[in-house]
Amino acid sequence: MAILVSLGAVLAIVVIALIGAQVGPLQYLLGILVPYAAFAIFIGGFIWRVVYWGKSPVPFRIPTTAGQEYSFPWIKRNRFDNPVKLWEVLVRMFLEVFAFRSLFRHTRAELRGGNLIYGPSKWLWLGALMFHYSFLVIALRHLRFFVQPTPEFVKTIENIDGMLQIGAPHMYLSEVMLLTGLAILLGRRFFAPRIRYISLANDYFPLFLIIAIATTGILMRFLFRVDIVGVKELVLGLASFHPTLPDGIGAMFFIHVLLVSALLAYFPFSKLMHMGGVFMSPTRNLVNNTRMKRHVNPWWTPPKFHTYEEYEEEYRDLMKEAGIPVERE
Amino acid sequence: MYDTGKIIVGLAIFVGLVTSPIWLNKGKAAPKPSPKLDTPAIQQLEKKECVESRQFMRSTHMQLLNEWRDRALRKGERRYINKKGEKIYISLQNTCMKCHSNKKEFCDTCHNYTDIKPYCWDCHFIPEGRKTWASTEGHS
């Protein structure tokens with residue numbers, strides 16, 4: 001059900017764009033207004049979400065301690081799995097953000113001959129790494145359309161990415177890697193029974209959406225060619241706030257753009273916010289120095305005490321009247 | 001908000017990066033290219049039309065050229081029949097460049113605009129009597 005709902009939602013976006021691309025005035029909506037709105041939602045939503053997270057107090061040090069903590073000098077400790085200094089936590093964060101170290105530690109449990117055994121499982125890590133890095137490369141390559149002249153590093157990436165020189169235009173390695181990574185990530189939700197059991201529509205939807213974006217991009221490049229000069233004119237116009245809508249770009253471009261707009265607008269309200277969230281995770285970004293430094297709860301205020309002396313002061317007359325003994329007259 | 005300083009710096013870096021195309025363009029879109037079609041060979045043509053339709057050539061010429069290369073050099077076929085059924089001799093130098101002899105004003109205008117470096121000239125001579133292989137001129 002979750003699969004059908006998300007697949008249906010993605011197909012609906014494709015159909016809307018396909019119809020809209022045939023109608024002149026709607027092209028203006030699909031090519032200019034919707035991308036601007038989506039980008040504004042993306043930036044605004046991203047900031048809102050991070051600020052919202054920033055408001056949550058973290059009263060204690062709660063890093064995950066995945067190794068021996070700082071102790072006696074003769075006990076070997078694990079610097080990066082149980083960091084006590086800033087630079088150690090920075091290394092930990094770097095490895096987390098750039099190498100997905102938590103995913104590398106992924107294990108799976110299996111019953112074999114009545115025994116529960118645990119073993120390494122690197123597929124999630126591999127698929128995630130392939131997907132994220134190719135997505136980054138593809139996003140950077142798109143700067144070719146957004147900036148004139150194209151930055152030098154973008155050309156370098158393009159040359160490396162297309163080094164196999166297969167076909168015209170060249171096939172990119174990142175295209176293949178992205179789809180392979182996505183296939184692994186989607187495949188585990190389909191075929192691993194326990195993952196499938198916990199998968200929801202908001203797990204499938206981003207996967208289908210990004211698969212659709214990649215597919216339309218590849219189709220646009222190899223099968224349903226669009227007028228690239230027109231595309232660059234439109235995109236460059238968007239990025240310089242002088243939007244124009246050239247004629248005859250081709251429907252595939254509008255489908256691609258509407259899908260990307262959907263991704264941008266959906267981003268801040270979904271699990272995709274792990275992009276910002278990874279930096280905001282107290283289980284990763286805190287140093288484990290609970291035993292070296294006193295951490296005071298940030299919203300702690302001294303409680304109001306009402307001591308007996310104050311109580312007696314307040315009710316002395318009444319107490320005397322009722323015959324209750326008082327300490328001071 | 002807790003850790004306000006760090007969060008604001010992080011957000012500023014993020015917003016700066018995703019909006020970088022806006023800053024890099026400085027609010028000015030580069031002028032769009034206008035490839036020139038007024039070579040002597042084209043002016044002598046009665047019907048000013050390429051081997052396929054204008055729309056097709058605009059979007060798909062690179063795939064056509066790739067197919068032509070494979071046919072001519074790998075299979076030895078030098079005959080292309082276009083969508084109208086006309087027979088065309090497959091040759092970059094003698095068919096394409098016969099009309100489009102102005103690489104600089106024609107090919108390069110769009111390729112520079114979209115920053116594409118076709119590797120035609122890794123093998124083919126650049127026309128206009130250029131002596132060098134794979135000139136870098138007009139490529140970047």
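Tutor: Buried area is the accessible area that two parts lose on being put together, summed over both, and the model we apply it to here is a predicted one.

Student: OK, how much do chain B and chain A bury between them?

Tutor: The two chains bury about 3400 Å² between them, and 66% of that lies on carbon and sulfur atoms. The contact draws 34 residues from chain B and 44 residues from chain A.

Student: Which residues in chain B lose the most area to chain A?

Tutor: Those are Tyr2(B), Phe14(B) and Tyr113(B), which together account for 18% of what the chain B side buries.

Student: And how many salt bridges cross that interface?

Tutor: The rule finds 2 salt bridges between chain B and chain A. Glu233(A) forms a salt bridge with Lys32(B), with the closest N and O atoms 3.9 Å apart.

Student: Switching to the inside: which residues touch the most other members of the largest nonpolar core?

Tutor: In that core of 54 residues they are Phe46(A), Leu209(A), Val226(A), Phe253(A) and Leu259(A). Several helices of chain A, among them H1, H2 and H5, each supply at least two residues of this core, as does helix H1 (4–18) of chain B, while the largest share, 10 residues, comes from H10(A).

Student: What is Leu259(A) in contact with, leaving aside its neighbours within four places in sequence?

Tutor: Its partners include Val10(A), Ile13(A), Leu209(A) and Thr216(A).

Technical notes:
Residues numbered from 1 in each chain as written. Chains lettered and ligands numbered in written order. Predicted model: local features only at pLDDT ≥ 70, side-chain atom pairs only at ≥ 80, totals over all residues. Heavy atoms only, no water. Core = buried A, V, L, I, M, F, W, Y, C linked by side-chain atoms within 4.5 Å. Buried < 20%, exposed > 50% of the residue type's maximum accessible area, 1.4 Å probe, protein only. Helix = DSSP H or I, 4+ residues; strand = E, 2+ residues; numbered from the N terminus. Contact = heavy atoms within 4.5 Å. Buried area = accessible area lost by both parts, 1.4 Å probe. Salt bridge = Lys/Arg side-chain N within 4 Å of Asp/Glu carboxyl O.
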